[in-house]
Number of protein chains: 2
Amino acid sequence: MYSFYELSMTETWQISIYQDDFTMTETCGDPTMFETFWRGPIGESATLVIPGYQTMSYFSDVGNLCWFLEPGFEREVRRLHRLVGNAAIEGYHVLVGTGSSQLFQAALYALAPPTADAPVSVVSTTPFYSMYPPLTDFLNSRLYRWAGDANAFDGDDYIEVICSPSNPDGSIREAVLKSKSGKDIHDLAYYWPQYTPITRMLAHDIMLFTVSKCTGHAGTRIGWALVKDKEVAQKMSKFMEQSTIGVSKDAQLRAAKVLGAVTDGYEHQLATAAGGDANLLFHYARQKMAQRWRALRAAVAASGIFSLPDEVAGFCAFTKDTVTSNPAFAWLRCQKQEVEDLESFLRANKIITRSGTKFGADQKVVRISMVDTDEAFGIFVNRLAAIK
Amino acid sequence: MYSFYELSMTETWQISIYQDDFTMTETCGDPTMFETFWRGPIGESATLVIPGYQTMSYFSDVGNLCWFLEPGFEREVRRLHRLVGNAAIEGYHVLVGTGSSQLFQAALYALAPPTADAPVSVVSTTPFYSMYPPLTDFLNSRLYRWAGDANAFDGDDYIEVICSPSNPDGSIREAVLKSKSGKDIHDLAYYWPQYTPITRMLAHDIMLFTVSKCTGHAGTRIGWALVKDKEVAQKMSKFMEQSTIGVSKDAQLRAAKVLGAVTDGYEHQLATAAGGDANLLFHYARQKMAQRWRALRAAVAASGIFSLPDEVAGFCAFTKDTVTSNPAFAWLRCQKQEVEDLESFLRANKIITRSGTKFGADQKVVRISMVDTDEAFGIFVNRLAAIK
């Protein structure tokens with residue numbers, strides 16, 4: 001069986017090409033790892049029931065700047081950040097988007113000068129998330145244009161995207177450009193305790209989050225933004241209004257249920273002082289991620305031809321202990337001289353990955369998802385360990 | 001009390017401006033009219049339950065060209081079209097979008113030549129749906145550009161949007177441009193039996209539909225496209241992939257439940273030969289729409305200064321009888337010489353409408369929603385009748 005490990009969304013069409021030769025699994029870089037948790041006791045409390053007559057109106061809250069934001073979803077977003085302490089919420093506007101990809105585009109739309117002669121440059125430190133270039137450029141807008149590595153950028157007007165912890169390499173990032181007229185978007189999809197120690201409460205102008213990476217509910221397509229400036233928040237909301245006339249209420253109710261169940265799990269634990277981590281998503285998921293990283297490092301050691309970024313540790317203010325980070329992706333490099341194109345090399349070994357070239361890096365490195373199903377992950381590490 | 005009748009999405013920000021002076025209602029042009037139906041017996045069968053562990057993956061059907069399309073939703077779309085007979089489905093690809101606005105943009109993206117020197121012109125017969133220009137231009141794409149009235153267009157390369165029955169004026173439309181290199185998008189949001197007789201089964205290249213106008217579930221944000229050409233369907237799917245990494249599964253499950261309940265209602269009726277229309281959405285809704293049109297025509301007669309498009313009748317192949325059309329919008333004209341700007345005139349009379357200027361028409365005509373709540377509609381016709 002071939003494992004479609006870390007199949008990118010943009011490679012979806014390739015699936016059909018390979019379908020005849022490869023036996024497909026549904027292990028395409030999804031955060032499906034958390035499914036077992038949601039089949040447990042907490043999962044039951046996250047069950048959503050919507051009667052036939054509900055969620056009919058376009059409007060959720062006509063008095064709100066983001067008129068399609070379900071108040072129950074906003075409440076759970078604020079509750080969760082208050083619990084985890086990863087981002088400031090006081091004085092911030094909460095916006096909802098159809099996943100954080102839509103919010104990323106909304107932020108570009110809001111920050112780009114509407115009347116500039118030339119599109120504003122969008123940059124991010126290499127290796128950058130492979131979806132930033134197509135998300136920026138697929139409609140060939142005159143408002144903004146992908147301009148690559150932030151470190152290579154020379155100029156005062158730009159939008160810098162800071163993904164921290166970084167997708168693909170897990171590093172903690174800060175803005176590298178410092179011009180007064182430049183703007184920043186902080187993509188914090190992975191700034192949750194299962195991936196990295198929560199070392200401080202971030203308070204950037206625009207912070208993007210997504211349910212996909214936080215709880216594993218990617219199919220719900222719900223992200224949120226915390227935005228300091230009212231005018232920017234209004235423009236971002238306007239983007240969602242024009243692009244999709246708001247965001248599905250059903251999806252927001254679902255996300256609210258799921259986020260609420262996470263916070264409830266912790267509050268219940270505190271109230272009852274009961275042991276065990278079965279109801280604590282971040283503890284459960286961190287343990288799982290740590291196991292996988294141990295398995296991956298063992299496989300890399302067994303093979304002998306690969307290397308990974310060094311392990312990083314820090315004090316987590318949420319769990320109150322010193323822990324290593326467990327990034328959602330492994331940034332795997334090959335030390336073997338004759339392997340020029342690591343993605344092809346691994347594909348020949350029945351492992352599908354995403355090449356470094358898609359992240360602005362070289363061919364000798366690939367990104368591998370660490371959040372797939374147990375079965376797919378198991379197949380992957382076994383195959384990797386066997387490569388000499 | 002002021003009635004925020006037919007408040008446009010793009011005027012949402014105006015709400016806050018007027019909030020101090022106007023008492024708000026939530027009657028903002030929503031298809032909330034159908035809520036009573038969904039509170040009835042059929043509504044119960046449309047209740048959706050989603051357990052905590054469901055809808056986690058990005059993928060719905062990796063073997064499908066539209067990999068994020070829930071098979072259950074596709075099934076219900078095909079069942080409903082088979083029941084109503086308003087559109088051909090054999091040989092068509094079904095695509096799902098975050099409302100039909102997203103599908104409209106997806107169609108522009110798919111039909112626009114990617115390497116043309118100039119953006120392709122997007123046109124529609126005046127009066128055209130007021131959202132087409134901003135949907136086309138808000139990102140200032142180099143791929144396509146709004147070019148106004150189809151009848152005034154001169155050239156061979158274009159994308160013509162045909163909205164039939166037309167929003168805003170309810171007329172039945174066909175393409176007016178006939179160049180071989182031109183492309184058509186058929187927006188059939190209102191081609192359902194409650195609005196117009198189903199005179200034939202349409203079989204255009206791209207046909208757009210939305211749950212919002214069919215069942216009244218606007219907040220779910222689900223639309224679908226029937227697309228003949230495989231390559232066009234792939235490109236449209238690619239748009240949804242890049243713009244929002246697919247479409248919420250929860251929203252699709254919800255839409256599937258609702259559409260399924262509609263078809264079930266009719267199949268059950270046929271099986272049991274039971275009387276009454278309480279379980280038949282289209283019959284219930286048509287009756288309701290017909291009542292409202294009678295009330296509106298009475299109010300227009302009582303006032304004496306307005307006019308409406310003539311009533312149009314036809315044989316409906318679905319209900320097997322001759323019926324008048326009951327458009328979702330009234331295109332109201334003022335005959336009074338001194339009223340230059342009808343929208344302002346009505347606003348001064350505590351009725352909020354959308355000016356003809358937003359539809360490429362003049363200031364002496366406005367669009368009024370016919371699908372709002374009973375309360376709002378009642379206030380509106382009373383106020384209108386009193387204007388002399």
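Q: How many bridges join β3(A) to strand β5 of chain A, and do the two run parallel or antiparallel?
A: This is a predicted model, and in it 3 bridges link β3(A) with strand β5 (residues 158-163) of chain A, the two running parallel. One pair to look for is A:V123, whose bridge partner in β5(A) is A:E160.

Q: What about strand β4 of chain A, how many bridges join β3(A) to that one?
A: Here you'll find 5 bridges, between β3(A) and β4 (residues 144-149) of chain A, again with the strands parallel. Look at A:S124: its bridge partner in β4(A) is A:D149. To get from β3(A) to β4(A), the chain passes through helix α6 (residues 132-137) of chain A, and this β-α-β crossover is right-handed.

Q: Which way do the side chains of β3(A) point?
A: In a regular strand, side chains alternate between the two faces of the sheet. In this case A:V120, A:V122 and A:S124 point one way, while A:S121 and A:V123 point the other way.

Q: And is β3 of chain A mostly covered or mostly uncovered?
A: Mostly covered: 5 of the 5 residues in β3 (residues 120-124) of chain A are buried.

Q: Which residues touch the most other members of the largest nonpolar core?
A: That core has 240 residues, and the answer is A:W38, A:M236, A:L384, B:W38, B:M236 and B:L384. Take B:L384: beyond its neighbours within four places in sequence, its contacts include B:L296, B:F306 and B:I351.

Q: How does chain A relate to chain B?
A: Turn chain A by 180 degrees, with a shift of 0.0 Å along the axis, and it lies on chain B with an RMSD of 0.0 Å. That is how a two-fold axis relates copies. Also, 100% of the interface residues of chain A are interface residues in chain B too, so the copies meet through the same surface.

Definitions and conventions: Residues numbered from 1 in each chain as written. Chains lettered and ligands numbered in written order. Predicted model: local features only at pLDDT ≥ 70, side-chain atom pairs only at ≥ 80, totals over all residues. Heavy atoms only, no water. Core = buried A, V, L, I, M, F, W, Y, C linked by side-chain atoms within 4.5 Å. Buried < 20%, exposed > 50% of the residue type's maximum accessible area, 1.4 Å probe, protein only. Contact = heavy atoms within 4.5 Å. Least-squares fit on C-alpha atoms with pLDDT ≥ 70 in both. Helix = DSSP H or I, 4+ residues; strand = E, 2+ residues; numbered from the N terminus. Pairing = 2+ DSSP bridges. Right-handed = clockwise from strand over helix to strand, strands pointing away.
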